Structures are given as C-alpha cells and as structure tokens.
Amino acid sequence: LDMAVRGKLVPQDPEDEPAEKLISKNQQRILISRTGKRKTIPELSDSGSIFPLGWARCRLSDAALIEMGNSPPGSTYNQHGDGVPLINGPVEFTKGPFGLTVVNQYTTAPSRMCESGDLLVCVRGATTGRTNIAAFKACIGRGVASVRAWGAQQYINYLMWWFGEKLLQQGKGTTFPSISYVDLAGLEIFLPPLAEQNRIVAKVDELMGLCDALEAAQQNRNTLRQNLRASALDALMNASYDRTLETSWAFVRDNWRAMCDRPEDVEGLRQVVLQIAVQGKIVSQNTEDEPAEKLLQNIIQCKEKLIKDKALRKSKLMYEPLETSLFELPLSWKWARLDDICFVITDGEHATPPRVSHSPIPLGTAKNVRNGFLDFEKTDYVSPEVAEKCWKRCKPSHNDLLMVCVGATTGRLCLIKKPPEFVIVRSVALIRPFPDFVFPEYLELAIKSPLLQEQIWGSVKRSAQPCLYINRMQKLLIPLPPLAEQKRIVAKVDELMQLCDQLEESLRSQQQHAEALTASAISHLAA
C-alpha cells in the first residue's frame with residue numbers, strides 16, 4: 001500500500017492523461033453535485049513534496065464526492081422492510097476494511113444517501129475511522145460518511161486503508177472522537193492519472209491475493225505443526241512401557257524442529273520432560289537401589305527421634321495410611337504425601353513486618369520467587385531485630401524450597417543454595433525435605449511438573465485471590481523414587497533442559513534473523 005500511494009508499485013506512462021486534468025474535470029462534477037452550504041476547506045500547504053510524473057497534490061474532496069450522513073427521526077425506523085435500508089454505523093458493518101455492509105433496519109424518511117460500492121467511514125464515537133463498503137443503496141446516519149471516487153473507487157479505498165491511523169488522528173475529542181466534513185475532505189493526497197490508478201489497483205489486487213495465499217498457507221502449516229507437536233508430546237507423556245517410550249522419544253527428538261518454529265513452543269517439551277521424569281520413564285530402574293519404601297521408613301524413624309527430643313512437632317498425618325495413587329509407579333517407587341518426606345512445611349510471617357530503608361536483610365515476597373532463582377533486585381528490607389523475631393517462625397536455609405502460595409503465581413518455586421539471610425512473608429511457603437532421604441533437586445522438579453501443578457491448583461482455595469493453605473499443601477502426592485534414582489533423574493533432566501535451552505535460543509536467533517531480513521527487504525522496497 002505504501003509503495004502504491006507513493007507511485008513506486010507500477011511504472012508511470014507519459015501517455016497517461018495527467019491527474020491535473022482529472023482534478024479539473026472533478027471540480028466541474030463537484031459544482032454540479034454539491035447542494036447546500038459547505039464549510040471552506042483550507043488551501044493546500046506548500047509542502048515541497050516530490051511526486052511522480054503525471055501525479056498531482058490535492059485534497060480528498062478533489063478526487064471523490066464526500067457525503068456526511070444525517071440521521072432521520074427515530075420514529076421512522078423499522079425492521080420489517082418499510083422504506084430504504086439505514087446504515088447508522090458499525091452495527092451494519094462486517095469484518096475487515098472492505099467488508100460488505102448488512103441490513104439491520106430501515107427508515108421511511110431517508111435524507112442523505114449512499115450508493116452501492118461507496119466507501120463508508122465511521123465518523124463518530126469509539127469506531128471512528130473504521131471503514132466498510134456499501135453493499136446496497138441506503139440512507140446513511142450521522143455516524144457515517146460516504147466516499148465516492150470520481151475515478152477508480154478501489155484506488156480511493158486502498159488510499160483510505162493506507163491512511164489508517166492518520167485518519168483516526170483526524171478525530172476531534174478524547175471522550176467522543178469525531179471526524180467532520182472538513183477533516184475528511186481536507187485530507188491531503190497525491191493523485192495519480194486515472195489510467196495509473198487502474199494499473200495500481202490491478203497490481204495491489206494481485207499482490208494482496210498472494211499475501212492472502214501466503215497467510216492461508218502459513219496458518220495451515222502452523223495448524224499442522226501444532227497438531228503434530230501436541231500428538232507427539234501426548235504419545236510421549238502417555239507411553240506405558242520402555243519400547244513405546246523409546247519410540248515416542250525418538251520421534252520427538254528427530255522431528256522437533258519440524259514441530260515448532262517459535263521459542264515459546266519449547267515450553268511444551270520442558271513440561272513433558274518433567275512429567276515423564278516423575279512417572280519413572282526418563283531413566284532406567286536399578287534393582288540394586290534401596291527402594292523408596294525403605295526411605296519412608298527411615299524418615300519415620302528420624303521424625304520419631306526428633307519428636308522425642310522435642311525438635312519436631314508431631315504431624316497429624318504422620319501415621320495416617322496413604323491409600324490414594326494417581327497412576328502406577330515403578331516397583332521400587334512409592335507414593336508419599338509432601339508432609340511424609342519433609343521436616344518443615346510452613347509459610348512466612350503473617351503480620352506484615354515493618355520496612356526500613358537501610359538494612360542488609362531483604363524481605364522475600366511472592367514477587368521475589370522466580371522459577372529457579374530468587375530475585376532481590378527490587379525488594380524491601382527489614383531491620384535485624386525484626387528479622388530475629390521472624391526467624392523464630394522459619395528461617396530459610398541451604399536446600400530449602402520456597403513456593404508461592406498466595407496469588408496468581410501460586411506454585412512457582414525455587415530451590416535456594418547458600419542464601420543470604422532474609423525473611424519471608426505469608427505469600428511464600430518454606431518446604432524443607434529430609435536431605436538424607438529426599439534429593440532437594442528432585443523434589444523441586446517434581447513440584448514443577450504438570451502432575452504437581454495440577455494438584456496444587458486443584459487444592460487452591462478460590463477467594464479474593466488464590467491461596468494454597470499449608471494443610472492442603474501437606475497432602476500433595478509426590479511420586480518418590482529410590483534416592484540413587486532421584487539423582488539420576490535430576491542429572492538426566494538437567495541434560496535435557498540444556499538441550500531445550502539450546503533449541504529455544506536457536507529458534508529465537510532464527511526468528512530475529514527472519515524479522516531483520518523482512519524489515520530490511522521492506523525498507524529497501526519502500527525506499
């Protein structure tokens with residue numbers, strides 16, 4: 001469109017009748033067609049712009065008849081076909097800048113009329129600047145203006161489409177924008193000879209057809225790609241035995257680049273990796289590993305000793321049998337509640353700690369807990385005295401997990417390694433597993449998996465904002481492998497996540513290169 005209205009899409013022909021003569025003829029038509037008083041349109045400014053041979057600088061009113069609508073009395077409106085169709089605005093418009101209007105109502109007292117094929121422009125309200133094509137002769141209300149070209153109508157249509165935002169900016173007022181006759185008629189344009197207008201329209205139609213075909217092909221390709229990716233990931237996630245899993249994984253591995261073309265597509269693969277990891281499908285089981293049942297027995301013994309020494313409060317769930325399972329686990333695995341494998345599950349300070357401006361002790365809230373790391377770049381601080389009081393409830397330490405438990409990011413978590421001293425508030429939960437029996441990195445990936453995230457959001461209480469209470473958090477089901485296998489799973493997941501990172505970066509680089517190439521090509525074409 002930009003090239004078309006600047007005379008760079010088709011060559012000029014010196015044999016064409018110059019646009020100046022066309023404008024002169026139009027002036028005669030305007031004198032005959034106009035009735036009543038019209039406001040004076042400002043003279044053209046001396047812009048010094050250079051335009052192609054045979055073209056002329058003029059106002060839109062020199063190239064088209066512009067008719068502002070006028071709404072007939074409301075008492076004349078009807079919907080049973082009496083009189084003529086009435087077009088009052090966007091209610092009668094269809095999708096797209098050149099959609100065809102539809103009949104919504106009629107009037108028996110028409111005043112201003114449009115003809116079939118006129119370009120209609122909304123001139124009042126939130127839809128100011130929106131366009132459509134009149135599909136029939138109709139009365140136009142005050143919210144609409146018609147633009148009927150003296151030359152090639154489709155060229156004027158394309159020109160008005162190109163104006164786009166500039167046309168919207170003509171609207172006066174912020175709460176109720178509107179375009180006047182002077183605004184519309186006074187639009188400054190460069191008008192080509194009539195013969196060139198027709199050549200431009202033919203070329204634009206041809207190129208727009210190619211653009212439409214390309215867009216349809218891209219949409220079809222993207223749909224096929226999305227379906228293929230969803231099907232492959234579903235097969236991988238639901239593989240039930242080693243051979244099926246191996247086949248599904250090989251298909252995803254060998255065809256992943258054909259399944260995605262955007263960096264964000266890789267997130268689906270990450271989720272599948274986490275899911276099959278907690279299903280026991282990502283590494284082989286080893287019969288020499290101490291089974292998870294033994295780990296749970298050891299944890300019970302450890303808890304009993306701590307309770308006896310008054311270092312741990314007895315949990316209500318401690319001896320309660322677990323009869324629920326979500327799917328069949330490998331023989332050496334065991335289902336466990338989060339409370340069964342943790343020393344501490346609690347949330348942060350309930351009373352809002354007073355903030356101070358100068359202190360080395362940051363305050364950790366939900367916004368500071370990112371996926372995989374703590375972000376204290378923007379945070380508040382508390383005094384050492386307040387921190388000491390808060391730490392009596394809980395003090396984050398090495399290998400603790402912090403999970404958001406209030407708000408839209410509930411379930412987001414990170415494993416902290418050698419943290420600075422800091423205080424957490426109620427929106428963050430602290431989860432401390434028994435590190436001798438539960439590998440903290442395994443528990444982190446398990447909670448990040450779709451399996452646990454689904455449980456978390458199924459346990460969230462919906463109120464003013466989502467909230468996962470501690471008593472519900474304690475009951476989350478964890479698929480627990482032998483300790484040695486936990487470590488093998490973490491190592492394998494780390495390896496696969498690095499491959500995902502590389503793939504994502506490769507796709508991002510390709511996307512940026514394609515965007516830069518497209519921008520460069522367009523800028524060269526339009527220069």
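## Basis of the model

The model is predicted: local features need pLDDT of at least 70, side-chain atom pairs count only at pLDDT 80 or more, and totals for chains, interfaces and linings use all residues. Residues are numbered from 1 along each chain as its sequence is written, and side-chain values use heavy atoms, with hydrogens and water left out.

## The whole chain

The protein chain has 14 helices and 22 strands. Helices (H or I, at least four residues) and strands (E, at least two) are DSSP runs, numbered from the N terminus. The C-alpha atoms fill a box of roughly 105 × 55 × 55 Å along the principal axes. The radius of gyration is 35 Å, whereas a compact globule of 527 residues would have one near 24 Å. This radius is taken over C-alpha atoms, and the globule rule is 2.2 Å times the number of residues to the power 0.38.

Of the 527 residues, 46% count as buried. Buried means under 20% relative accessible area, exposed over 50%, and partly exposed in between (1.4 Å probe, protein chains only). Among contacts between residues at least 6 apart in sequence, 75% join residues at least 24 apart; contact means heavy atoms within 4.5 Å.

## Strand E2

E2 runs antiparallel to strand E10 (residues 144-149), and 5 bridges join the two. Two strands pair if DSSP finds at least two bridges between them. Ala64 stands opposite Ala149 in E10.

## A sheet of four strands

An open sheet is formed by 4 strands in the order E13-E21-E18-E19, with antiparallel pairing. Its edge strands, E13 (342-347) and E19 (413-415), each pair on one side only. Neighbouring strands of the sheet are turned by 15° against each other on average, direction ignored. Axes are lines fitted to C-alpha atoms, for helices over the stretch in contact, and angles run from 0 to 180 degrees between N-to-C directions.

E13 pairs with strand E21 (residues 428-433) over 5 bridges. Val344 stands opposite Arg432 in E21. In the loop between E18 and E19 lies Gly407, which counts as buried at 8% relative accessibility. Leaving aside neighbours within four places in sequence, Gly407 is in contact with Trp457, Gln465 and Pro466.

Helix H11 (residues 440-448) lies across E13, E18 (401-404), E19 and E21, and runs at about 170° to E19. Glu444 is part of H11 and counts as buried because its relative accessibility is 13%. Leaving aside neighbours within four places in sequence, Glu444 is in contact with Gly372, Leu401, Leu413, Cys414 and Leu415.

H11 also packs against helix H12 (residues 450-459) at an angle of about 65°, with the axes 4 Å apart. Here Ala446, Ile447 and Lys448 in H11 meet Pro450, Leu452, Gln453 and Ile456 in H12. The residues of this contact divide into 5 nonpolar, 1 polar and 1 charged. Ala, Val, Leu, Ile, Met, Phe, Trp, Tyr, Cys and Pro count as nonpolar, Asp, Glu, Lys and Arg as charged, and the others, Gly among them, as polar.
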